[in-house]
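Student: I am new to this structure and would like to know what the words used for it rest on. Could we go through them together?

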Amino acid sequence: MLDLSPMRAELAAQYDLSPSLDAAEATRSIWEKAARVIPFAEWAVHAPYVVAINRLKRERDAVILGHNYMTPQVFHGVCDVVGDSLQLAMAAREVAASVIVQGGVHFMAETSKVLNPGKTVLMPDMAAGCSLASSITAEGVAEMRRRYPGAPVVAYVNTSAEVKAAADVCCTSANAAQIVRGMDSETVIMLPDKYLAQNVARQVPEKQVVWWDGACIVHEQFTPADLREFRSFHPGTRIIAHPECPPDVVAEADFTGSTAGIIAYVGQEKPASALLVTECSMASNIADAHPSVEFVGPCTMCPYMKMITLEKILWSLHTMTTPVEVPAHLAEGARASVQRMIDLSGRR
Ligand code: 13P
Ligand code: SF4
């Protein structure tokens, strides 16, 4: 656990981090990308951190890869590349800078390290995990292989490097159906997300998909009854879900896709009103790019993604902590599983 008091004392001694309207004015062009969701007065609190982080990035030869679930001040303020898990993995392979700061959770940092092992990959908070990644170990993969002899194992990227190494191939929410369809076997093991597996099973009826009993603590909270009730009060709202939601929730949605798929759908369709059945920051991060769309609905947050704050990113770059390491024998196996996914999904 990060000890916040000494961290704050050290940062305050090194950087001018008091709320500043001058810093807010100097970074107005960044704020304008999030003006619908961050009042300018609040931006004066974030701006000194944005200025300090962006300066330190240059000094450390660092880039920040940010997932679509980062808060708007992180997403727009300091990230150099933003995207879904697949886009971030592809971007990590291409990073030329010496340092990658992962704006996301631990399994994403491991994936960056595995794909670009020569770089220093920093996690601003090592406690930023994922309920899916922590639901299974390599022993769980072995158990599934014993239960379904000969069936290939498709591991969601939301897994540790150890689990990726024990699997045959990875998938993300953007390519899961395509990867399962490409398996040369009637039975396919998908792990650890039972809901993603059940949603893929519907899309790929020619396969027998079997799954591990994991779930995302954010997406499992949505219910079909909530969505039906919402629709009855807000007729015409487009309901857009992530495939980590249970299948009966997905059945109520007008569209289902990865976080990047959701962004693309909103951009193409430009519905007057949209309910994003996923993590709360998604809507905030794209609100200004789609001024004609009213984003409605409850805010369900991923507590792990929300651990990555501007303050911790600054600390991470200031102290160059915490570097993520993956033992060579696991990195090799994990890299092979991710590479097979890239080859099968045809995205290089
Ligand atoms: P995406 O790959 O769709 O961005 O999803 C990652 C994730 O953690 C969703 O909960
Ligand atoms: Fe994991 Fe769910 Fe958080 Fe994504 S939203 S990182 S799947 S806990």
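Tutor: Gladly! Let's start with residue classes: Ala, Val, Leu, Ile, Met, Phe, Trp, Tyr, Cys and Pro count as nonpolar, Asp, Glu, Lys and Arg as charged, and the others, Gly among them, as polar. This is a predicted model, where local features need pLDDT of at least 70, side-chain atom pairs count only at pLDDT 80 or more, and totals for chains, interfaces and linings use all residues. Residues are numbered from 1 along each chain as its sequence is written, chains are lettered from A and ligands numbered from 1 in the order in which they are written, and side-chain values use heavy atoms, without hydrogens and water.

Student: How do the residues of the shell around ligand 2 divide into these classes?

Tutor: They split into 10 nonpolar, 2 polar and 1 charged. Around ligand 1 the shell has 1 nonpolar, 8 polar and 2 charged.

Student: What makes a residue one of those around ligand 1?

Tutor: A heavy atom within 4 Å of the molecule. H67, D84 and H242 are among the residues around ligand 1. For ligand 2 there are 13, with C130, N158, C216, E244 and C302 the closest.

Student: Why is the pair between E244 and ligand 1 called a polar contact?

Tutor: The term needs a pair of N or O atoms within 3.5 Å. A polar side-chain atom of E244 is 2.8 Å from an oxygen atom of ligand 1, so the pair qualifies. T259 has such an atom at 2.6 Å from a ligand 1 oxygen.

How values were computed: A polar contact is a pair of N or O atoms within 3.5 Å; within protein, one must be able to donate a hydrogen and the other to accept it, and residues adjacent in sequence count only if both atoms are side-chain atoms.
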